[in-house]
Amino acid sequence: MANLTINSILEKMTGKDKDFRYMATSDLLNELSKEGFKADTDLEMKVSHTVLQQLEDAAGDVSGLAVKCLVPLVKKVSDDRVLDMTDILCNKLVNGKDQHRDIASIALKTIVSEVTTTAVAQRVLLSLTPKLTKGITSAESSTEIKCECLDILCDVLHRFGNLLATDHELLLSSLLSQLSSNQASVRKKSISCIASLASSLSDDLLAKATVEVVHLLKNKGPKPEMTRTNIQMIGALSRAVGYRFGPHLGDTVPLLINYCTSASDVDEELREYSLQALESFLLRCPRDISSYCDNILLVTLEFLSYDPNFTDNMEEDTDDESHEEEEDDESANEYSDDEDASWKVRRAAAKCLAAIIVSRPEMLSKLYREACPKLIERFKEREENVKMDVFNTFIELLRQTGNVTKGQTGVTESSPLCLLKQEVSKIVKSINRQLREKSIKTKVGSFSVLKELVVVLPDCLADHIGSLVSGIGKALSDKSSTSNLKIEALIFTRLVMASHSPSVFHPYIKALSTPILSAVSERYYKVTAEALRVCGELVRVVRPNFQACAFDFKPYVHPIYYAILTRLANQDQDQEVKECAISCMGLVISTFGDNLRMELPACLPVLVDRMGNEITRLTAVKAFAVIASSPLKIDLSCVLEQVVAELTAFLRKANRALRQATLGTLNSLVVAYGDRIGSSAYEVIIVELSTLISDSDLHMTALALELCCTLMADKKSNQNVGLTVRYKVLPQALILIRSSLLQGQALHALQRFFAALVHSANTSFDSLLDSLLSSAKPSPQSGGLAKQALYSVAQCVAVLCLAAGDQKCASTVEMLTNVLKDNSTSNSAKQHLALLCLGEIGRRKDLSPHAHIENIVIESFQSPFEEIKSAASYALGNIAVGNLSKYLPFILDQIDNQQKKQYLLLHSLKEVIARHSIDKAGQADFQDTNVEKILKLLFNHCESEEEGVRNVVAECLGKIALIEPKKLVPALKVRTTSPTAFTRATVVIAVKYSIVERPEKIDDIIYPEISSFLMLIRDEDRHVRRAAVLALSTAAHNKPNLIKGLLPELLPLLYDQTVIKQELIRTVDLGPFKHIVDDGLELRKAAFECVDTLLDSCLDQVNPSSFIVPYLKSGLDDHYDVKMPCHLILSKLADKCHAAVHAVLDSLVDPLEKTINFKPKQDAVKQEVDRNEDMIRSALRAIASLNRISGGDCSLKFKMLVNSIMKNNSLSEKYASVRCE
């Protein structure tokens, strides 16, 4: 049936009427596009013959449709038909009439792009490539034919270059010969053809191509246009093959720099192409170009201001705003010469400089000294497009500074931030000139620069606000300003207000507020929304605190209020504007409420109304939180009851963000207006919030418990409130405390809740204690409680006892010690909990009135159960914290005398030291006790055979170093040269424990000594090397400034630790089979994790391109434990140094592909299968990061990898879910 339809369509397609032909061709396209279309050999021949005939139809729209028919046709007919069509079209192209050449070319390109299977592609290429090559090289071919053939060949090579490996050499020589053609169009198309071919060439042929082009460049004989072509060719090659071009830079870079400097003044294009090629090298071959960077920098800076036809008479240092300057600018802009192409050179130089900035974070300080002043000077560029590039380059410099200095604390003289600070006044002066220009584009660019500057150096404009005010005002109120300019100016104003001290703006509030408030009434919603955000900052600036202040804010209260009210009351506007108006009004009321008493009854109901609207309710809830926490105690009596009722209802909603905001707002309202809210409302709130307490959302739980405590703490909470808490919240709290997930904020909130319960006097202490202790009993269904849950119970018991007073506390301790004295082994769970409770109480309160408690606890060291031993050592340490002078000597004495219990006793000692190293008040007590004795004891155990003992000793030493750095740092340093490896490793780990995030007195003492510890990274013992890597990692994370100066020396040593060392791999003979053990695995894993940390804190020191290949590349092919951190590093590098990753993308594809296609053995256990799944997801995350940066010119190999993922169902599902994370 379908065949009959198609036959009748084909008849109509050959009719005389053009409209009939068009309709019939359209019907054929529909038939071919159907899923079920199948044709026999005769019909295939007919259809393909008719479609080819139709391509030559005199009516353009018919031939256009015929080309569209080829798309489904190529997929539906046999290989032979595709081959026939290709041959016919190719002959038409090379030998046919001129008028049919274009359509034949389009049709051929369509076929090439639609061939999907490799088998068909190979047959098509076999017939097509020789004909195209002949069309290109034949002397008879006209320029048009050559160009069309080159175009098609370019497509062929781009898609199937790797299938033509046998023809590569022939193709290359044919194409290279065309580079010397007299026709510019042929040369241009040959360049893109060779570039497409290059990505699949072998290294030898790539070298051959490069050598030939370089040879042509060295012969300075040929015409200048040939030289230009060869330079473009080199740039295109490096863009196509990336890092593989690295070995040829030695020949090409000096040549290009030479051409830049020695070209004649008229040959601007030669310079432009040379700079573009250098830019490509910088981005594509970052590792090999490093030795030429300084020379390239000099060249780019020279040509950034290259303008031979224009002398700049403008006086540099005049900064008055008189008309002379305006006229001067006018006359400067009048000069325009259509023949002058020097702007292209300046643009290429700016882009090349941007490439240096992006790809060489380690050159940042040098760039500030040499390039920054030059860039600022070039803000005055007369060609607008070039000026935008100069702005963008400067923005890249600022962004890179932000990237490199993120998380750094100390700023030295030569650090980029310090160097940038010195340039601020010049930047502002230059930008102010640009803001007085007529061009909108220039002004937008200027604000972009200022915006980035404020982000990187938050408080740098304090002295320059006055000079920028007129520029802001003009941008906002000028008739010619576009909405884009207004938005940029407003964003800058908001950022600058948020990051500077309010008093800086007070002299200029009048000048600023008028244009900002008029922008609030703009018609375009994005301008309005941004203006409202600025108003929020303006409110804070006008009245920064509520004390009396020299600045009078009252004149601004009503103008700001009414400007925002008109937006707030208006219903038919964009959601973004509504939300900004609500937030802003919340700020206005909380800041100026005492001056708006008359207006509040009109305005507050509008906010309540917005709470009723689903779209704006979240913003309105947050606005009420701001109002409630205002120190002005705003009068909310007109709406309070309604607000509380609405909020209580919101606690039932599914929207998590809304419930979270509601809990916070209710808390603020109860604190501020508790006396005006009825206790029945309290009860309803408690019932609602009790449902939110569970371990599935700990953040929400913490907020709910906070609110519950606030409600119980309120003076007028009557009995009913207490009972509601007891029957609704307490059961939930007792379920929560059994959770192994409970920690942090939620655990602290739970402790406060139990303390508040005791104080509220509705629940007796004894029943509470009883329910807490019984919650820790093992249940028959779920077995015993997790270790974390027992600690939670113990902490709550301790808080409960302290809240109940001394008498209750003493009786509880008695009861707990009795549990311990009971020797029956049946109650091991009870004893475990009793020990933890004693520890928690002892840490908070001195237990010395209870005689011999330490002996009772130490008895439990004999227990057969490991968890009880560990709990006993925890308890003993914490009891000693409560009374050092009594219990610490006891512990030390026991360590000396009890050989068997040493490990546990050292753990007790660790508890004591760790608590005191954090608590400043306790440090004095600790120093008074016998530190010498402790040190002697710890150093004796440095060489212990047991790793557990060594780790505890290291932690103790590290924490004591925080308390007594002057004694400890020299003592540790002496032991770095100890003959025993275990001692060397222990002291390095001790240093690791002494480097904490908060500033400590040890910092200055260890700074000059740290290298003697970290340099143990070259120790012959792998344990010591790993310890040094871990210490370096901790230092990089917590105190990067300690190690910044050592990195040039340390990094090569660190990279060396990431390499697989054969001497550390051994085979263990287990009888029936052999097992391979890799002793270096932990060290490699630690080294990669260290690099990961360094990328966050010391990016400017790490040269990413020398790390990616070979180190990261080998890590991606290593063991599971090493691959995981490597995937993270790759994602991070893709984000921060995409140029370096881009350059070597090809070489990273194979290890990633191997990882995602790895299948575990048939008999693999579940754990192995799960690990493999995790690894595949981790690799896909890295691929997703690479895909985000790879844009259009990414490597063909990587594109093929992504396509293969998309075609594989299970991988594409995982990939999609990873991208949504």
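**Figure 1. Lining of the largest pocket in the predicted model.** By class, the residues that line this pocket comprise 6 nonpolar, 4 polar and 8 charged. Ala, Val, Leu, Ile, Met, Phe, Trp, Tyr, Cys and Pro count as nonpolar, Asp, Glu, Lys and Arg as charged, and the others, Gly among them, as polar. The volume of the largest pocket is about 650 Å³. Of its 18 lining residues, those closest to the centre are His1119, Tyr1120, Phe1158, Glu1168 and Met1175. Two or more lining residues are given by each of helix H58 (1120-1136), helix H60 (1145-1156) and helix H61 (1166-1190). The largest share, 5 residues, comes from H61. On a 1 Å grid over the protein atoms alone, a pocket is an open set of points with protein on both sides within 12 Å along at least five of seven lines, whereas a cavity is a set of points where a 1.4 Å probe fits but cannot get out; lining residues have an atom within 4 Å of a point. Grid points are joined across faces, edges and corners, and a volume is the space filled by probe spheres set on the points.

This is a predicted model, in which local features need pLDDT of at least 70 and side-chain atom pairs count only at pLDDT 80 or more, while totals for chains, interfaces and linings use all residues. Residues are numbered from 1 along each chain as its sequence is written, and side-chain values use heavy atoms, with hydrogens and water left out.

**Figure 2. The largest cavity.** A search of the whole structure finds 4 cavities of 30 Å³ or more. The largest cavity has a volume of about 50 Å³. Its lining consists of Ile465, Leu468, Val469, Ile472, Phe492, Thr493, Val496, Phe505 and Leu512. Helix H24 (465-477) and helix H25 (483-499) are the elements that give two or more residues to this lining. H24 provides the largest share, 4 residues. In the lining of the largest cavity, 8 residues are nonpolar, 1 is polar and none is charged.

Figure 3. Helix H33 (residues 656-673) has 18 residues and reaches 25 Å from its first C-alpha to its last, close to the expected 26 Å. The expected span of a helix is 1.5 Å times one less than its number of residues. Of the 18 residues of H33, 14 are buried, so the helix is largely enclosed by the rest of the structure. Buried means under 20% relative accessible area, exposed over 50%, and partly exposed in between (1.4 Å probe, protein chains only). At the start of H33, a side-chain oxygen of Asn655 lies within 3.0 Å of the backbone nitrogen of Ala657. Gln660 is located in H33; with a relative accessible area of 19%, Gln660 is buried. Leaving aside neighbours within four places in sequence, Gln660 is in contact (heavy atoms within 4.5 Å) with His699, Met700 and Leu703.

**Figure 4. Helix H11 and the helices that cover it.** The 16 residues of helix H11 (residues 203-218) should span 22 Å, and its end C-alpha atoms are 22 Å apart, which agrees. Helices (H or I, at least four residues) and strands (E, at least two) are DSSP runs, numbered from the N terminus. In H11, the residues Leu205, Leu206, Ala209, Thr210, Val213, Val214 and Leu217 are buried. Their cover includes helix H9 (168-178), helix H10 (184-198), helix H12 (224-241) and helix H13 (249-262). An α-helix has 3.6 residues a turn, so residues three or four places apart point the same way.

Notes
A polar contact is a pair of N or O atoms within 3.5 Å; within protein, one must be able to donate a hydrogen and the other to accept it, and residues adjacent in sequence count only if both atoms are side-chain atoms.
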